[in-house]
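Subject: Handing over the two-chain model

Hello,

Here is the structure I promised you. Please open it first, then read my notes below.

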Amino acid sequence: MPRINSPAELEEYRKGILSKRDPDKPCIAICAGTGCLALGNDRVISAFEEEIKKQSLGAKVDIRATGCHGFCEKGPIVVIYPEEICYIEATPGDVPEIVSQTVVGKKVIDRLIYTDPGTGEKAAHQPEIPFYKNQMRNIISSNTKIDPKSIDDYLAIGGYSALSKALFKMKPEQVLEEVKKANLRGRGGGGFPAGLKWETARNAPGEEKYVIVNGHEGEPGAFMDRAIFTGNPHSVLEGLIIGAYAIGSRQGFIYTRHDTHQLKNHIDIALAKAEEYGLLGKNILGSGFDFHVEVHLDIGIFVSGESSALMRSIEGKNPEPRPKYIRTSVSGIWERPTNLNNVETWANVPQIINKGSQWYAGIGTERSKGTKLISLSGNIVNTGVVEVPFGTTLREIVYDIGGGIPNGKKLKAVHFGGPMGGSIPESLLDTPLDFDELAKLGAPIGAGGMLVLDEDVSMVDVIRYFLDFLANESCGKCVPCREGIRQMLKIVTRISDGKGREGDIERLEEISEVTGAASLCALGKTASDPLLSSLRYFRDEYEANIK
Amino acid sequence: MKAGRALLSPEVKEQKRIMGRKQIRKATMDNDRIDRIIDKHRGEASSLIQVLMEIQSENHWLPKEALERVSEKLQVPLTRIQQIATFYKTFSLVPKGRHEIHVCTGSSCHVRGAGRLLDTVQDLIGIGPGETSPDLRFSLETGNCLGCCALGPEIVIDGKHHSKIAPGNVEDVLKDYD
């Protein structure tokens, strides 16, 4: 593959790819996301390959192992294009029938399609399934259309056109302005406006500047970043390069998990291919802009997802957080201006550049724009990756998309943000998904892990679980965090065992105040947030266990 | 540091120590392999972590001799290497068993009963998280979300997922791993 040296060459190459592709040619897209992979979809993929060979259909049918489709609950998922017929819980044994009946015969196999457990209604096509129908899949929908390892697939759906537009039709300031006007807020937890952060890094003194993709995703119950990054790595990379151009950075870092081999593999392939095509490295697309990316791996500790700790880790040191009196956007890696955003934030950038800030700001609520990816888990019928516009109510997410609570149980609470988040009771379920609304209720969105809890779950036990998690993950640098969490865990465990004592709740409140005030990083500062939110809404569960 | 260690009897501890030493003799990486890894990452900003990770991934644990070699070649004090090697849970300073059992204890698995599942696994193999059985058959780890919440509660053995598993079925599953 020769390098692409200009926007015109890029468009020509894209046309070349599209001209060789027949949109009516059948394509079998098999989900190879983490969930489906664990369910043995590799055997389904090989079965398809064998069957296609056996029926000598190699030239007439494409097979594509894709990233996560989102509907993990019903995996392995198989979608037959161009009709978008969706089969759930597919097994290798179903494969010969799918090929002869559906791929060749164009007939739907009734027993493999989705049936709504409530209404009994059947849905043969992916967009008709309630789980998908009630979402707005601006980002994750590309996952089903591409092979994550193929840069040509990404180019075929318009990939890197935003980069080309930014580099050749916009000045860095204009790119920055567009992201600011779109009011893209960081998806990693804080919800800080990305454009303002970029601006700080851009204006900070110093020649050498860095940009980072935080793909750490250490929060239990959060798996949406992995879904995008593994399923569509180029979309994140494209966003990163555009950001680097706006900020004036020539060196980027990707920080991600070591324990998901597929993720690392797809990122490595994406970087190598982008470089080969001239979309990364020296003189990108002939624009004169140079940008390089290095991959760094987290090796299994939660706090290394915290921005300042992550930067220490990239420097080769222990990932201990440090004070942020000076922001990392001014003084980050090796004391140089460093802009960090998470996977989902970067993945939003190409569409803002392509479709404009006005389009983007038209989606969502007044202060939370665009869509948000949610990892829906816990006591819920449809576990999976969900994408909805901000403003969607939690009730819609739980019932219309999530299919409600299994086994006829009642909903007790919805917990956001993992071990540093908060829970809200069923009575507040009509709250819209919105950074500020949820923060006001004590349950900030965090990265987007949404844990649904049914009536059988003890809130005290859930809080004990989160404190136990944090007690193990505290890096130990700040004594109030290290010891405070341990003491809170001790008291909550006592209460959870039904042996609570008079004054325990007050003591918990006291310790949480000190831990929050005297710890350096967000881990210690917000460690007691779940506890405080549960004391706010479920205090009676604590009191019932105190003698 | 690792839960449950204090509960082991002196005999088991001694047995573990001996088994560990045997394993060390067998599994210590030769210097050539270590040097190759070091050379590959030379000049990288965080080469130390990358080198340790690669040794861990090839050898499944970090023998003392390997750490000394890294210290010598990278000119990094051994104390600093040990600081990093003990900080991250991924690194093991003791040998690992033939089969690695991972019980997901993420939040979703937790509310779906991962606690009872972990108890059952611990009862059956007699070791706690972070430990290796004296016969080196199993190592047990807990993972905070393996990203497959739809399958929870689950255990992963040598990379194979056993999903939506009830405590009563664990014994059957473990039989297949010698």
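Two strands pair if DSSP finds at least two bridges between them. Helices (H or I, at least four residues) and strands (E, at least two) are DSSP runs, numbered from the N terminus. This is a predicted model, in which local features need pLDDT of at least 70, side-chain atom pairs count only at pLDDT 80 or more, and totals for chains, interfaces and linings use all residues. Residues are numbered from 1 along each chain as its sequence is written, while chains are lettered from A and ligands numbered from 1 in the order in which they are written.

The sheet in chain A

Chain A has an open sheet of 4 strands. The order is S9-S8-S7-S10, and the pairing is parallel. Strand S9 (292-298) and strand S10 (338-342) of chain A are at the edges. Each has a single partner strand, so one of its sides has no neighbour in the sheet. On average, neighbouring strands are turned by 20° against each other, direction ignored. Axes here are lines fitted to C-alpha atoms, for helices over the stretch in contact, and angles run from 0 to 180 degrees between N-to-C directions.

Look at strand S7 (residues 210-215) of chain A. It pairs with S10(A) in the parallel sense over 5 bridges. There, A:Ile212 stands opposite A:Leu340 in S10(A). Helix H12 (residues 261-276) of chain A packs on this sheet and touches strand S8 (251-257) and S9 of chain A. The direction of H12(A) makes about 160° with that of S8(A). Two residues are in contact if their C-beta atoms, placed from the backbone, lie within 7 Å.

Two helices in chain A

H12(A) also packs with helix H10 (residues 224-231) of chain A. Their angle is about 40°, and their axes are 8 Å apart. H10(A) and H12(A) are therefore oblique to each other (angles under 35 degrees count as roughly parallel, over 145 as roughly antiparallel, 65 to 115 as roughly perpendicular and the rest as oblique). From H10(A), the contact uses A:Arg226, A:Phe229 and A:Thr230. From H12(A), it uses A:Gln262, A:Leu263, A:His266 and A:Ile267. These residues divide into 3 nonpolar, 3 polar and 1 charged. Ala, Val, Leu, Ile, Met, Phe, Trp, Tyr, Cys and Pro count as nonpolar, Asp, Glu, Lys and Arg as charged, and the others, Gly among them, as polar.

Where the chains meet

How many residues of chain A are in contact with chain B? The count is 35 residues of chain A, against 26 residues of chain B. Several elements give two or more residues to the chain A side, including helix H2 (34-38), helix H13 (307-314) and helix H18 (459-473) of chain A. S9 of chain A is also among them. The chain A side divides into 15 nonpolar, 17 polar and 3 charged residues.

The sheet in chain B

Chain B has an open sheet of 4 strands too, in the order S2-S1-S3-S4. Its pairing is mixed. Strand S2 (138-143) and strand S4 (160-162) of chain B stand at the edges. The twist averages 25° from one strand to the next. Strand S1 (residues 99-104) and strand S3 (residues 155-157) of chain B run antiparallel, joined by 3 bridges. B:His102 stands opposite B:Val156 in S3(B). Helix H7 (residues 114-125) of chain B packs on the sheet, touching S1, S2 and S3 of chain B. The direction of H7(B) makes about 155° with that of S1(B).

Best wishes
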